[in-house]
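Please read these points with the model open beside you.

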Amino acid sequence: MSHKVFPDVFRKIVKACSDVEERRFSAASSVINDAGFSPCGRPSLRSLLFSQPLSCNVRMYLARTLAPIVLLALTSASPFWARAQKPAPPKVTTDLPAGTMQAKATTACSECHEARIILQQRLNNAAWTKEVDKMTKWGAVVDPADREALIDYLSKNFSPDKPAYEPQRTAPDKRGKTSK
Amino acid sequence: MNSRRNFLKQISVAAIAAGATPSILTWALPQQQSVAVPGEDGMVLRSYRFFDLESPVEYFNTWLTPVPHFFVRNHMHEPSELDPAAWRLSLGGEVEKPVSLTLGELSKLETHSVVNTLECAGNGRSLHRPQVPGVQWGKGAVGTARFSGPRLRDLLQRAGVKSTGKHVMFRGLDEVPGKVPPFIRSIPIEKALDADTLVAIHMNGSPLTRHHGFPARALVPGWIGAASCKWITEIKVLDKEFVGNFMSPAYRFPNQPGKPGDSVKPEDTHPVTALSVKSVISGPSEGARLKSGRVAVHGAAWAGGADIAKVEISTDGGTTWSPATLGHAQAHYAWRLWTYDWKPGKSGDYTIMSRATDSQGHTQPPTAVWNPSGYLYNAIDQVNIHVA
């Protein structure tokens, strides 16, 4: 039975991956398209399992159906998503680090800006408190019950003693060499 | 069946752990993979959304910075729709007769050009200690370009500014997410009437690109980049400074230097306007390993509306200083390139430092004035290198 179910499940997962990615980019799609970017990052298992828009049932379903594939991926030379989408596009998004507040922080912050803005900060608890409160005032949806945990998550992951963030570069553009 | 269910439960836990793995790897490993952005050449990607690009300092070896090498700073999302045919620039507020212009009409007005060094107020923010929040710019949120377009003064005169007009506000087409305050700022009427303040529609001889404010942006020379609002569609003469987040508390500087890390009361601050005296070393690069022989030290220096009087170089950690040679190309609001021909006496590790002084007698300090938002970082620049 499994050999019949597998392709079906695989198709569903690939569809779910692209759906989630589309949702993640929808708020910024015009910006990204207008800027000439390709609106595609590789599908992230994290977003599949933890993204807010998916219902709990769907998350459980995905978690269970994904599991064998994840194990397969972990035992092979390259991850399955790299082989499922060839050629692999450059990864243009980045994720917040794992933690109990990862999903909620991603949801609260990425409505307006991407994770990179957070990844590059190196702030103490007092400064993060100010930032979280400012951003909440500016529309970030943070449940008051989660405020402390969110500040704690940011303070621990992005404290002044962490090594400096290593930014990516834009690719060389030949037109850049000759333009005014 | 039970065992299968248990197996699935166990495997789900593994899947969740595995799902987190890419994030951990992403976090732990340097993210050197480049991102293709047409028209932008090898820029440092500070943020993709909002779109913020920094120039590597190695690019500061031409007097005019090519547009694909010019830093980009956005507070909001760039306009999703920019139809030049439908675009209008309105000018109203404290004026006798409001004006509305098409891009064609604007383009037919007398054009003036200004070569201006545009620098983000937060350039160098990442170098402040203690660290402060915001885009963590290194040294490259600065560039020099020839901006062209009608003088703002000509437009204001056409509308007839009333005696009550004290400030001139720019509203752009930036798209504001959530409840974020819009990026609206104003400049004093005196600066707005300056002969070199423009409604720029060209940059280095070509129409502005989208990232730089197409079809029109303000160009407020010698001042922080935030004064030169992009994608402007409305100019409004006000009877006082615009009231909004990006006038206060943002873009303000302590009246008196305080203890680094201390908060500053809003009433003890003033707006950030003109750029500070500053130089950066564009080569050799930090960490360079050089052969013995002659070393060409080079870079750029600027001071807002003031001229650069001299740039000095130290190769002994700041004990002795020697003058650099200033480049011939110059303009009132533009940086000066400089070079210094250095012959290291022996092999070893060296710290090369650059220090600029402007025509008003201001010299780059050893330590920049710390402020809560990390504006106007201008400490003496330095790179550490090794000579074999």
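**Notes on the model**

1. B:N204 sits in the loop between β10 and β11 of chain B. Its phi is positive, about 55°, although B:N204 is not a glycine. Most residues other than glycine have a negative phi, and most peptide bonds are trans. B:N204 counts as partly exposed because it has 19 C-beta neighbours inside 10 Å. The cut-offs are these: a residue is buried if 20 or more other C-beta atoms lie within 10 Å of its own, exposed if 12 or fewer, and partly exposed in between, with C-beta atoms placed from the backbone.

2. A word on conventions. This is a predicted model: local features need pLDDT of at least 70, side-chain atom pairs count only at pLDDT 80 or more, and totals for chains, interfaces and linings use all residues. Residues are numbered from 1 along each chain as its sequence is written, while chains are lettered from A and ligands numbered from 1 in the order in which they are written. Helices (H or I, at least four residues) and strands (E, at least two) are DSSP runs, numbered from the N terminus.

3. Strand β10 (residues 202–203) is joined to β11(B) by 2 bridges, and the two run antiparallel. B:H202 has B:P207 as its bridge partner in β11(B). Two strands pair if DSSP finds at least two bridges between them.

4. The sheet around this pair is open. It has 4 strands in the order β5-β6-β10-β11 (chain B), with antiparallel pairing. β5 (112–119) and β11 (206–207) of chain B are at the edges; each has a single partner strand, so one side of each lacks a neighbour in the sheet.

5. β13 of chain B deserves a look. Strand β3 (residues 88–93) of chain B runs parallel to strand β13 (residues 232–238) of chain B, with 4 bridges between them. Strand β7 (residues 167–172) of chain B runs antiparallel to β13(B), joined by 6 bridges. B:E234 in β13(B) is the bridge partner of B:S90. B:R171 also stands opposite B:E234.

6. Please check the loop between β13 and β14 of chain B. B:P249 is found there, and the peptide bond joining B:S248 and B:P249 is cis, with omega about 10°. B:Y251 lies in this loop too. Phi of B:Y251 is positive, near 55°, and the residue is not glycine. B:Y251 is buried, because 20 other C-beta atoms lie within 10 Å.

7. Another cis peptide bond runs from B:R49 to B:F50, with omega near 5°. B:F50 belongs to the loop between β1 (44–47) and β2 (52–54) of chain B.

8. Now the domains of chain B. The assignment gives domain 1 (44–271) and domain 2 (278–387); such bounds come from an automatic or database domain assignment. Taken over C-alpha atoms, the domain centres are 27 Å apart. In the contact between them, 31 residues of domain 1 of chain B meet 27 residues of domain 2 of chain B. Contact means C-beta atoms, placed from the backbone, within 7 Å.

9. What does domain 1 of chain B bring to the side that touches domain 2 of chain B? The elements giving two or more residues are β5 and β14 (252–254) of chain B. The largest share, 4 residues, comes from β5(B).

10. Chain A is built from 10 helices and 1 strand. From the N terminus on, its elements run α-α-α-α-α-α-α-α-α-β-α. Of its 180 residues, 37% count as buried. Among contacts in chain A with a separation of 6 or more, 63% come from residues 24 or more positions apart.

11. A:A127, A:W128, A:V132 and A:M135 are the buried residues of α8(A). They cover an arc of only 135° around the axis, which puts them on the same side of α8(A); the arc is that of the directions from the helix axis to the C-beta atoms. These buried residues pack against α9 (147–157) of chain A. The face turned away from the buried side carries the exposed residues A:A126 and A:K137. After α8(A) comes A:G139, with a positive phi near 115°.

Note on methods: Two residues are in contact if their C-beta atoms, placed from the backbone, lie within 7 Å.
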